Amino acid sequence: MSAAAAPGGTGAGFGEPRHGARIAVAWAILTVIAVPLVIWVAGPHIPPYSGHSTQSSDQHTVNVVLLTAAVPVIALIWVYFGYAISVFRQRGPEIVDGPPLTADPRIQITWLVVTSVMVLALAVYGTIGLYNDSHGAGGGQGPNPLSTPPAGSTPLQVQVIGQQWLWTFRYPGYGGVETATLEIPANRWVAFHVTSLDVDHSFWAYELGVKADAIPGSDNVAYVKATNTGQFQVRCAELCGLWHGHMNSYGRVVNAGAFSSWIAARQQQYSAITKTLPPYSKVYYPDPIRRAG
Amino acid sequence: MSSGSEPQELSDGLTIHSDPGAARADDIRQLTGNLTIGVRLVCSAMAFLFMSFLFAFFYLRTVNSNGLWRPKGVAPVQSWGIAVIVLMIAAAVVFDLARRTVVGGNEPRWRSGAAAALGVGVLVVVAQGLEWATITFKTYQGGWAAVFWGWTTVQLLFWLGGLYWIETLVAQTFRRPAASAREGTAGTEVLRPAADSAIVYLYSMACIGVIAYVLVYLVK
Amino acid sequence: MEAHATLTSPGTIENRSLRGQVLGFNLIWGVVGGIVGYIVGHWIGTKIGNNIAAQSGSDQDDVAIFLGMLVGTFGFLGGLGFFAYPLQRMRGLPATLREREEIGRWRYFRLCTDHKVVGIQYLVAVLFFFFVAGFNAMMIRGELTSDNATVINSGNYLTLVGLHGTMMLMMMSAGVLGPLGNYLVPLMIGARRMAFPRIEALTLWLTVLAGVVLLSAIALGGFPTGWTGYAPLSDQARGGIDAYLFSFALIGISLALVGINVMTTVVTMRAPGMTWNRIPIFVWGLTTTSILAVLAAPVLAAAIIMAALDRTADTSFFLSSQGGSPFLWNNLFWFFGHPEVYILALPGFGIVLEILPVFARKPLWGYRLAVAGMFGVALLSFMVWQHHLFVSGINANLRPFYMFTTELISVPTGLIFLNAMGTLWKARIRFTVPMLFSLAFFFNFLIGGISGVFLSDVPSDVTTHGSYFVMAHFHYTIMGGLVFALMAGLYYWLPKITGLKMSERLGKLHFWTMFVFFNTTFFPLFAAGLLGMPRRVSSYNPSLHTLNVFVSVSAFCLGASMLILLVNMVWSLILKREKEVANPWEALSLEWQLPSPVPVYNFEEIPVINSGPYDYGVPDRVPIADLEPTVTGTEVGT
Ligand code: HEA
Ligand code: HEA
Ligand code: CUA
Ligand SMILES: [Cu+2]
């Protein structure tokens, strides 16, 4: 990094201050101060807040790591530009030309190598986050998810149906009952099967760190494992027409016992309606509505 | 706009030379370069456009949403489809053969060949029209029908563009044989690069036609 | 009418009489033709529409709207005189460039093939629509001072967002290529014109028409889809979406043609001695942009044709219940959409790297690397499009690939930063207005780029996709990047284009207010996104109210700052009109060696180029070009 901080290092004349060294030192100091600040002071405040689910905790960690990695890059550019702006100025009324330096290939190669390595590291890190933690980071993975909860766990299946402009939740494991509110048990894997009846929507459970587009004719699976009980927001993150901004709902994470009794009550309450519903299916094909307003 | 006075030939203001002969040579060199590069860029743009339809074809075929990619009975009339593609290739080949001989613009082979290519090209439009007219399925009958309509429509539009180009060359030839004779080889210098570029376009169109044929009639 | 001046003798250019001007083809007839065409097309369309199953018996009249706009387009172009030439050619008459033979004000209101006139027409058009779209942004921010759609209702809000986003992207993708590209490319490579002057004029008028057609969406009931036009929402929407589709198609055609023109010009029209490694970096920026435009815009056109067929001819490209798929639009749109965002970035790179050496008084550091970086960006930008679809469930298993390619773009983009840093090393910086804007470009674009790397990381994108974080990201790259670069370019080249001085004082005021308020407007929105505020909503969580009010106030200040630009242009270029010397910045590149404003034929003789454009400080440097070569060279540089 410090080598890259001094392009054109050749041509330093006598009596000139060692600009490269100064920049390197300033950069190092700034980085050393800023990195811990980012990790320990700012870090805990970077959303999404951890603690609601494995997924949001992971996303939180990722954001902190990325920001930490960004600090040296940003610091380098700022220090360098700041230094150049304050030192390498035109002084006096006469316009003087600077030294006609040519680009030193070593600097170019160093820079290329350093940035490529950083990028490679980022990509590997991101891929690990996506697959190794075995839940696809809470994002929608389509019908055949590659990253699935650990073998042996039996995820609760919940179908999330988007439609202009409300969410419906269907529990195929419980007779295909449909509810208007979402409840899931804590500390158990949940598989959301997200789909839509009309246009594109996106199921966003903000606190849980889940986002999956709801696309008509597509079964988009996302996994979550909630770690704390409590309420979470559900909203729509894909423009779906007039009341897109109002397509909000709430969900609750409850403990396993409370979930069983809740779902049993719903099954009873809605048993008459459930019979009239179309049979459970991964996707539904209602007639296209060409004009809905 | 246009008036009786004969407009200057190629007065593109490309070069301002004291020596008109040199200016003309420069103009023609520029024109040739521009046409050569320009037509190839147009063809690459066209390639990406049809690539989108190609993608649509295979994507929708793979997804086969609701089992309605290609419902039973959705098939065009073979004969007209073959006619379209055969005529397209024929027009391009005839034009190519004619193009090879053009020198002054009044060579009989060029004149009749270019005119014939234009005629065959018009027949493509007719055949395409007949194909559409004899179709038995509706536009809403699945993804295949959608791609079929989209592709053939756009293909015909681009073909009309090619016809316009041939037509201008033919018109030039028939209007100005005397003039080019008067100015020595002047006619050639303008016709030849234009014809050379036009053939690139026509062959690209023919390729697209062949791909369309394979998609529509051969891919199950 | 009048005798045609022969172009081989520039002295005989004639001006037409007023009567001739009004009666000949011009904008007035274009407007008339457009309106009449629309009415005729619409009338025919209603007749046809009645025969289409989906349309008869409903209030849907998309066939009529599309046909109206199509015939209207032909009417508009016909009124401007675009068909005179093709018809002439079809009658076998030879090629001429008569549209160029004029001087005087009128040529700005008609089809004119002088690249300098087209450049200025483009500039006015693009700035006009930029301000319209900016005004929409002000209304958006006005609505967002309330957390519950009390100022503007939801439907109108979405239309505003769609208009703002589409208009901005349409106009800004032509924003540098059109005005500065057409004006400067010939001057910078030593040519008298662009390769295809008539196509050049066509692209301009298509752009103007596209802006107007897009605005007509308001009259057709607005459209709810934003600039991305996702299907099947677009299938379902009312007539306004037809205007969106049609105008976007016009821009697509226009962009592809601009690209073809610029690339051909650069390849074939260079002056002798203008070798590949002497081409100014700005021209390289536009060339790489053109590659993207030529290859990406047709994909947009194809997608739009499909959407239009879905709406009019009842096909089902995007209807999953009928054998289509919404993913098809998503794929095609973003295959175009991502190169499109680099169409917005590369010209900016070109401008700032062109300006830095001039005010650093140093050669551009790492010229080859800069060119390589631009080509790298252009190439990679075709391989990343699914990063917009990370959580959509499409090809989820390809996400690591797209994550990697997306992050890889940081490498060639980073090269632009390296070039700037090398150029500034031991420089002698002059803090002129263009230089300030160029330096600010790097500040803003760094933040925009780094936030892009966050988005490219899938786990992070799960939170931020569809949120204001994305919105802040792209305003940092586009407004903070491209628009700052465009401002730099305007302050730098307007003195050449007009031959007049721009007020430095107003310029600095504009810069500082724009820089400060740009950052206060968009930086907080990163936080809003991370805190869970979705995009494209007119009502949001009340806990974010204070933040949004702060942003709105900043945005209004930003708007006021943009007005300073207008004031400066009106004051300096229309009222004060103080003459500027030919080369106020003492730049070495070719365009500054010409008189200001540039004469009609640019170069008396085609110049012979002797050196690269950035030889600052080089001992015994030779002038960049011999402007009066004794031998009329004929070889194009290689
Ligand atoms: C000018 C326009 C522009 C530019 C240049 C960019 C540049 C980048 N963009 Fe951006 N983007 C948009 C305009 C732009 N974007 C728009 C308009 C959208 C939203 C569309 C919509 O949904 O409406 C969008 C959306 C968008 C998304 C989708 C978000 C979502 O919807 O979920 C992603 C995800 O990957 C992304 C990533 C990137 C990346 C990685 C870059 C990179 O190219 C950035 C590279 C630059 C740097 C990294 C900084 C400089 C580099 C260095 C100093 C070297 C060292 C650095 C490292 C080694 C990291 N962008
Ligand atoms: C070239 C690209 C570009 C540029 C320059 C801008 C510039 C600005 N944008 Fe834009 N924006 C987009 C492209 C761009 N935007 C896109 C693509 C979207 C996404 C659309 C979608 O979701 O589909 C978007 C969305 C978008 C939103 C999100 C809407 C939503 O999701 O709900 C907002 C909200 O604040 C916003 C604000 C602004 C502001 C304040 C500016 C300012 O920088 C503008 C400054 C300029 C002016 C203000 C003009 C000059 C002044 C006047 C005309 C006088 C009037 C002045 C006053 C009233 C003070 N933009
Ligand atoms: Cu549903 Cu937005
Ligand atoms: Cu992108």
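1. A word on terms to start: helices (H or I, at least four residues) and strands (E, at least two) are DSSP runs, numbered from the N terminus. C:Thr432 counts as buried because its relative accessibility is 10%; buried means under 20% relative accessible area, exposed over 50%, and partly exposed in between (1.4 Å probe, protein chains only). Setting aside neighbours within four places in sequence, C:Thr432 is in contact with C:Phe359, C:Glu504 and C:Trp585, where contact means heavy atoms within 4.5 Å.

2. Some housekeeping before going on. This is a predicted model, in which local features need pLDDT of at least 70 and side-chain atom pairs count only at pLDDT 80 or more, while totals for chains, interfaces and linings use all residues. Residues are numbered from 1 along each chain as its sequence is written, chains are lettered from A and ligands numbered from 1 in the order in which they are written, and side-chain values use heavy atoms, with hydrogens and water left out.

3. Now the copper ion (ligand 4). Three histidine atoms coordinate the copper ion at 1.8 to 2.1 Å: ND1 of C:His338, NE2 of C:His387 and NE2 of C:His388. Donors here are N, O and S atoms within 2.8 Å of the metal (3.2 Å for Na, K and Ca); water is not among the atoms, so sites may look incomplete. Along the chain, the donors of the copper ion follow the spacing H-x48-H-H. One of them, C:His387, counts as buried because its relative accessibility is 13%.

4. What lies 4.7 Å from the copper ion (ligand 4)? The iron atom of ligand 1 does. The iron atom has C:His473 as its only protein donor, through NE2 at 2.1 Å. You'll find C:His473 in helix α19 (residues 468–498) of chain C.

5. Around ligand 1 there are 32 residues, and those that come nearest are C:Tyr342, C:Asp461, C:His465, C:His473 and C:Arg535. A residue is near a molecule or strand if one of its heavy atoms lies within 4 Å of it. The residues that surround ligand 1 come from chains A and C, so the site is shared between chains.

6. An N or O atom in the side chain of C:Arg535 is 2.8 Å from an oxygen atom of ligand 1. A backbone N or O atom of C:Ser456 lies 3.3 Å from an oxygen atom of the ligand. Two or more residues of the shell come from each of α3 (105–131) of chain A and α12 (326–343), α16, α17 and α19 of chain C. Of these, α17(C) gives the most, with seven residues.

7. How do the residues of the shell around ligand 1 divide? There are 17 nonpolar, 13 polar and two charged. For this count, Ala, Val, Leu, Ile, Met, Phe, Trp, Tyr, Cys and Pro are nonpolar, Asp, Glu, Lys and Arg are charged, and the others, Gly among them, are polar.

8. Ligand 2 has 35 residues around it, of which C:Arg141, C:Tyr157, C:His164, C:His475 and C:Arg536 come nearest. A polar side-chain atom of C:Arg141 lies 2.7 Å from an oxygen atom of ligand 2. By class, the shell around ligand 2 has 26 nonpolar, six polar and three charged residues.

9. Finally, chain B. This chain has six helices and zero strands. Of its 220 residues, buried ones make up 53%. Among chain B contacts between residues at least 6 apart in sequence, 78% join residues at least 24 apart.

Definitions and conventions
Polar contact = N/O pair within 3.5 Å; in protein donor to acceptor, adjacent residues only side chain to side chain.
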